[in-house]
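Here are my notes for you, in numbered points.

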Amino acid sequence: MSANDSYQTPLNTRYASKEMSTIFSARTRATTWRKLWIWLAEAEQELGLAISEEALAEMRANIEFTDEDFKVAAEEERKRRHDVMAHVHAFGQKAPKAAGIIHWGATSCYVTDNADLIFLRDGLDNLLPKLAGIVHSLSKFALQWKDEPTLGYTHYQPAQCITVGRRSAQWIQDLLMDLEDMQRVRSDLKFRGAQGTTGTQASFMEIFHGDTAKIDKLNKILCDKAGFPSCYTISTQTYSRKVDLRVVNVLSAFGATVQRITGDIRHLAAQKEMEEPFEKDQIGSSAMAYKRNPMRSERIASLGRHLANLNKNASDTYAQQWFERTLDDSAIRRITLPEAFLTADADMLALQNVVSGLVVYPAVIRSRLMAELPFMATENIIMKLVSKGGNRQEAHEEIRVLSHQASDVVKKEGKPNDLIARIKGSKYFAAIHGEIDDMLDPMNFIGRCPEQVEKYCGEGGEVQAALAPYKKYIDGSKKVELAV
């Protein structure tokens, strides 16, 4: 296996963005290691160590990892059986005047772990505006359809009405939780810095002759160069793998959210009430030409299922670290961390495509609603009759009998719900026959749905406040810019 191959994630990156694929590419990793060695040498020179300008100039001139560098590193790794030292020697060949000072005082995790923290940080910075964009698109949809009554379901059985926009607001609220959690994890990320073999900084105590102020200054310089606020106060040979778990947990939670949302969309597609975008020449099935399969939502759900389970890898890896570090974390992290980000990225791109082009069929929605509405209207009918002097218990019994008769017609004969016709034909309800049609207006049954959507998604609402930091990304005036 070449050095190039050894850093490739096995996940098919077909659906991920070029930017996310680049963050976790072999070339970015190797180039970032060189940046870290340059930053270390620059900081050490600033603090008085004997590092020449010529050495730094050679390092800076060869910061980008080339195809030829991959071949050299691969040959060095075959000889040395150590990936970091292979890259140290490969860098030394390109910068011979710096060969003796590259990696001075550092342990392998100086480059591997600090690089991973940069990738976690940049990956989150790449995902956050995309997630905000999804919320923005869904918010517009929710406001557009806030007044459209539709069947609500509990136990997947028809329940009280809601609106199409109100249901999408439920999706938005879950996505906002993901956005908030992702922001929190991003803001809490720190750097490992230069901590030595077991985190005690003993090697740097030797280099700086016990001058602890210089060691603190060294890490301050490194944090400034890398764009982190500070280092973790306590490190072992690595930064705590609890950090990986915290990051992957929020990505896995997003994987659960997209399954939840696309599950609703897929059910609504089967009911012909709502569809994901379907292109003019798109084929739904190779055999059944009439089909319009929700393949985007199915792909999102499939990747979401994979993503939702990746935190198990991060949890087990953290739990199985012994004392100051064991190397059984390395191979699995090289798979799990890129996969989590690439999968989340692919899901976000696909979900944005779906929610930006959702198609609603109001006529079908109303037809399904009106088939169930007579049952939902019975309580209102009873109350109206009582207001005219009727007996509540008697009215309830009359409705109960008529409802079961109508239900039998629907279930056993496959005919439309005729409960309202039965009520209109009953002498018992003669006092309100003229008012029954008005009571069947679906708008009477949606409660505060339009108001709730407007309050949540509209101007001054929670959604707009949460999206404010991402306004320039959403309107396209600013692109995602990574710190390193």
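Predicted model: local features only at pLDDT ≥ 70, side-chain atom pairs only at ≥ 80, totals over all residues.

1. Let me begin with I382, a residue of helix α14, which spans residues 362–387. Setting aside neighbours within four places in sequence, I382 is in contact with R392, A395, H396 and I399. As for I446, this residue is 64 residues away from I382 in sequence, and their C-alpha atoms are 19 Å apart in space.

2. What does the record say about this part of the chain? The UniProt annotation, from an unreviewed entry, reads "domain: Adenylosuccinate lyase C-terminal" and covers residues 373–457. Over residues 373–457 the model has 66% helix and 0% strand.

3. Next, please have a look at E339, in helix α13 (residues 330–355). Is E339 buried or exposed? Its relative accessibility is 9%, so E339 counts as buried. L369 lies 30 residues from E339 along the chain, and the C-alpha atoms of the two are separated by 42 Å.

4. Now to the helix pairs. Two packed helices are described by the angle between their axes and the distance between the axes. For helix α6 (residues 108–144) and helix α10 (residues 242–270), the axes come within 12 Å and cross at roughly 25°. That angle is under 35 degrees, which means that α6 is roughly parallel to α10. The crossing of α6 past α10 is left-handed. On the α6 side the contact is made by L117, L120, L124, L127 and L131, and on the α10 side by V243, D244, V247, L251 and F254. Sorted by class, this contact between α6 and α10 has nine nonpolar residues, no polar ones and one charged.

5. Helix α6 also meets α2. How do these two helices lie relative to each other? The axes of α2 and α6 come within 9 Å and cross at roughly 115°, and α2 and α6 are therefore roughly perpendicular to each other. The handedness of the α2 and α6 crossing is right-handed. From α2, the residues T28, R29, T32, W33, L36, W37, W39 and L40 meet Y110, V111, T112, N114, A115, D116, I118 and F119 of α6. By class, the contact of α2 with α6 comprises 10 nonpolar, four polar and two charged residues.

6. While you are at α2 (residues 26–46), please check T31, which is found in that helix. T31 has a relative accessibility of 6% and so counts as buried. Not counting residues up to four places away in sequence, T31 touches I63, E64 and F65.

7. The pair α4 and α5 deserves a point of its own. The axes of helix α4 (residues 67–80) and α5 come within 8 Å and cross at roughly 130°. Why is this pair called oblique? The crossing angle falls between 115 and 145 degrees, so α4 is oblique to α5. α4 passes α5 in a right-handed crossing. The contact involves D69, V72, A73, E76, E77 and R80 from α4, together with D83, M85, A86, H87, H89, A90, Q93 and K94 from α5. By class, the contact of α4 with α5 has five nonpolar, three polar and six charged residues.

8. Finally, two backbone angles to check. Most residues other than glycine have a negative phi. H103, in the loop between α5 (83–94) and α6, has a positive phi near 75°. With a relative accessible area of 13%, H103 is buried.

9. The other such residue I would point you to is H155, with a phi near 60°, again a positive value in a residue other than glycine. H155 is placed in the loop between β1 (149–154) and β2 (157–163). Is H155 buried or exposed? Its relative accessible area is 76%, which is over 50%, so H155 is exposed.

Methods
Residues numbered from 1 in each chain as written. Heavy atoms only, no water. UniProt positions renumbered as here; feature names shortened; annotations may be inferred. Helix = DSSP H or I, 4+ residues; strand = E, 2+ residues; numbered from the N terminus. Axes fitted to C-alpha atoms, helices over the stretch in contact; angles between N-to-C directions. Parallel < 35°, antiparallel > 145°, perpendicular 65-115°, else oblique. Left-handed = near helix turned anticlockwise from the far one by under 90°. Contact = heavy atoms within 4.5 Å. Nonpolar A, V, L, I, M, F, W, Y, C, P; charged D, E, K, R; others polar. Buried < 20%, exposed > 50% of the residue type's maximum accessible area, 1.4 Å probe, protein only.
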